[in-house]
Amino acid sequence: MADADAERASDQEARRLRAATALADAWKDADDPRLSRLTRLAARLFEAPRAALLLIEADHIRLAGRVGHAANSISRETPLADIVLRCSRSSQHAAVAGTAFLACAPLRDPRGLVVGVLAVEDDAPRADDPGRLDSLAELADLAIEELIRGADQARAEAERLLDGERLALALGAARLGEFEWNIKTDRIRISERMARISGIPAGDIPAEEGKAIWPYVHPEDREITREDLRAQLRESGRYEVEYRRALSPGGREQWSRGCGVMVLDGESQPDLLIGVVQDITDQREADERRDNLVAELDHRIKNLLAVVQSVAAQSARKSSSLDAFLKTFAARLKSMSSAHDLISAARWRGATLGRIAAAELGGLAPNQTRWDGPELFLTPRAAAALSLALHELAVNAVKYGSLSTEAGRVEIVWRRSPDGGFSLEWLETGGPTTSPPTNRGFGTTLVEDVVGRELGGEAKIDYRRSGVSAMIHAAPAALADGPEPEPAEVEPERIVETIGGGDENFRAGAIAGLKVLIVEDSLLLAMELEAGLEDSGVQVVGCAAELSEALAMLEQDFDAAVLDADLNGQSVAPVAEVLRKEGRPFVFATGYADKAAPMGFDAPIVRKPYNVHQIARALASVTGRG
């Protein structure tokens, strides 16, 4: 029982100490006039020379609002501190620590916890005076109210400061600057952040009825922005506009987004216009780059389809049978796919010039192309530009130039330039007679303009009768130090890669009788795979194109599954995870360039473009039939 009482007393003391410390922390100034006023009243009430608010803290008693005291605190081990800690009602004491008279009244917080006392001291003894003690208790009540009010104000101010810091961080992170226009005084306050964004001087400046800000807007955007802003304010009392800023000394086009709201006075008249301005230059440039990339992608896809068509036509002309055509054509498609992987990687990490040339030409006509030059490592930007240039030249060579005939040849030679850059020459021979195009096409623009700029040099195409030639000069900045040699990667054993049209040693009948689920979002691929597998004696139990559809089909009875790694932007991992838990085998079919099994699953991978024989061999492997 005694232990329980001691524990309760300890908890009570801990709560009191927390409450007292919270109040004391808000009153750092021992001579704060708000508290000194109350202690002076207490001293006058008793006609005593000393008075103070004694606030309990963890290791001492602090004096606040003191009158006649020089010390800021006293030890908790003194007789006076003992009275403070034990005080529960107004009382008088005699001969305390050299003081002839001490009167004190407890300071109680709203929960009734005593957090200190209001004390009066005198060097002369006094008789008991209950009336003055009651008045001292009333002053103590006023004092605790003042202490609590001050603590609340301190907390509110701290929160405001914290909110201000949060707002400043948010504005800085979002690249926002704020302003406030007092319409009645016609003054506008520009923050430092807005000044950095807009170029308008920071501080309180004349608004000139709004005219002061328009010189900082691009001349071509001023009128339309002004009319749009005014129309939005008339309609809704707020606005959001995007505009170009006045040209910077460097000539870079800079964009801002401005948002604001009109604040009305008590008579519903415009009083303040407050708002923010955001620097959206990077966003605009990113949008423009994205649009350019989409346009380039569209162009390259069309070129790729044209190249595939040309490769198919050439393969057909040179093949003696359908089987020979399929093998040759499939091998060229696989080579083109590998080239695409290299170029994709080069755009992010840089690449050697030789590998770029091999990627663009090696898959088109291996026996009709040659490239030669020193080992030069290009920056990612230069690698992307040069691969694009060679791609355009190769496409034209396949469609119209030297690679459109069996006798044609293409040769690429590059050398270092005296200035530290490099020069590359493209030369076509043995093809049809050529002549300059009547119209400047997008491909020519890419090669001569964009590539020349991206490589920091120049590029020029010459349409000779004997064949097209091109000369590309690049600045030293296009070259970079090559990366440290990396250990050769060992490809996973479960990668299924074939070069020919099929595996001569694989028997299609090995998978006859299997029940297979196909998960593939491309309808044409799914139809082709289903037909090919059925020709091998496989029973296709279903074809799913969406993730939800595939998950629903997992309840069916089947022996193995073929999973496209990506289903219209959704990972097929949930399907693979269910199959793994159930112990049902599966293989991946993917177009991604990385060689690792998607999502880390231990399953064979068939890289696109694939043929049915590759899928069949992978299925035979996972079902124990191959």
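Predicted model: local features only at pLDDT ≥ 70, side-chain atom pairs only at ≥ 80, totals over all residues.
1. A residue is called buried when its relative accessible area is under 20%. Phe-586 has a relative accessible area of 7%, and therefore counts as buried.

2. Phe-586 takes part in an aromatic pair with Phe-588: the ring centres are 5.5 Å apart and the planes stand at 80 degrees, so the arrangement is edge-to-face. Phe-588 has a relative accessibility of 0% and is therefore buried as well. A pair of aromatic rings is described by two quantities, the distance of the centres and the angle of the planes.

3. Phe-588 also pairs with Phe-601. Here the centres lie 6.2 Å apart with the planes at 50 degrees, so this pair is tilted. Phe-588 and Phe-601 are both buried. Together, Phe-586, Phe-588 and Phe-601 make up one aromatic cluster. The count of aromatic pairs in the model comes to 4.

4. The charged end of Arg-584 sits over the ring of Phe-558, 4.0 Å from its centre. In the other case, the charged end of Arg-126 sits over the ring of Phe-101, at 5.3 Å from the centre.

5. Which residues have the most contacts inside the largest nonpolar core? They are Phe-46, Ile-61, Leu-107, Leu-118, Leu-136 and Leu-147, in a core of 48 residues. At least two residues of this core come from each of the helices α1 (2-25), α2 (33-46), α3 (79-86) and α4 (130-173), and likewise from each of the strands β1 (50-56), β2 (60-67), β5 (99-108) and β6 (114-122). Helix α4 gives the most, with 8 residues. In soluble globular proteins, nonpolar side chains tend to be buried together.

6. Leaving aside residues up to four places away in sequence, Leu-118 touches Thr-39, Ala-42, Ala-52, Leu-53, Ala-103, Cys-104, Ala-105, Leu-107, Leu-136, Leu-139 and Ala-140.

7. Ser-36 is a residue of helix α2. Its relative accessibility is 7%, so Ser-36 counts as buried. Beyond residues up to four places away in sequence, Ser-36 touches Asp-31, Gly-65, Arg-66 and Val-67.

8. An unreviewed UniProt entry annotates Asp-564 as "modified residue: 4-aspartylphosphate". Asp-564 is found in strand β23 (residues 560-564). Is this aspartate buried or exposed? With a relative accessible area of 5%, Asp-564 is buried. Its contacts, not counting residues up to four places away in sequence, are Val-519, Glu-520, Asp-521, Val-572, Ala-589 and Lys-608.

9. The whole structure contains 30 salt bridges. One of them joins the side chains of Arg-62 and Glu-57, with N and O 2.5 Å apart. Arg-62 is buried because its relative accessible area is 12%, and Glu-57 is buried because its value is 13%.

10. Another salt bridge connects Arg-226 with Glu-223, the closest N and O atoms being 2.7 Å apart. These two residues are 3 residues apart in helix α6 (residues 219-236), so about one helical turn separates Arg-226 from Glu-223. Arg-226 counts as buried at 17% relative accessibility, whereas Glu-223, at 45%, counts as partly exposed.

11. Arg-464 and Asp-462 also meet through their side chains in a salt bridge, with an N to O distance of 3.4 Å. Arg-464 is partly exposed, with a relative accessible area of 37%, and Asp-462 is partly exposed at 37% relative accessibility. Elsewhere, salt bridges that share partners join Glu-220, Asp-221, Arg-244 and Glu-253 into one network.

Key. Residues numbered from 1 in each chain as written. Heavy atoms only, no water. Core = buried A, V, L, I, M, F, W, Y, C linked by side-chain atoms within 4.5 Å. Buried < 20%, exposed > 50% of the residue type's maximum accessible area, 1.4 Å probe, protein only. Helix = DSSP H or I, 4+ residues; strand = E, 2+ residues; numbered from the N terminus. Contact = heavy atoms within 4.5 Å. UniProt positions renumbered as here; feature names shortened; annotations may be inferred. Phe/Tyr/Trp six-rings, centres within 6.5 Å; stacked < 30°, edge-to-face > 60°. Lys NZ or Arg CZ within 6 Å of the ring centre and 35° of its normal. Salt bridge = Lys/Arg side-chain N within 4 Å of Asp/Glu carboxyl O.
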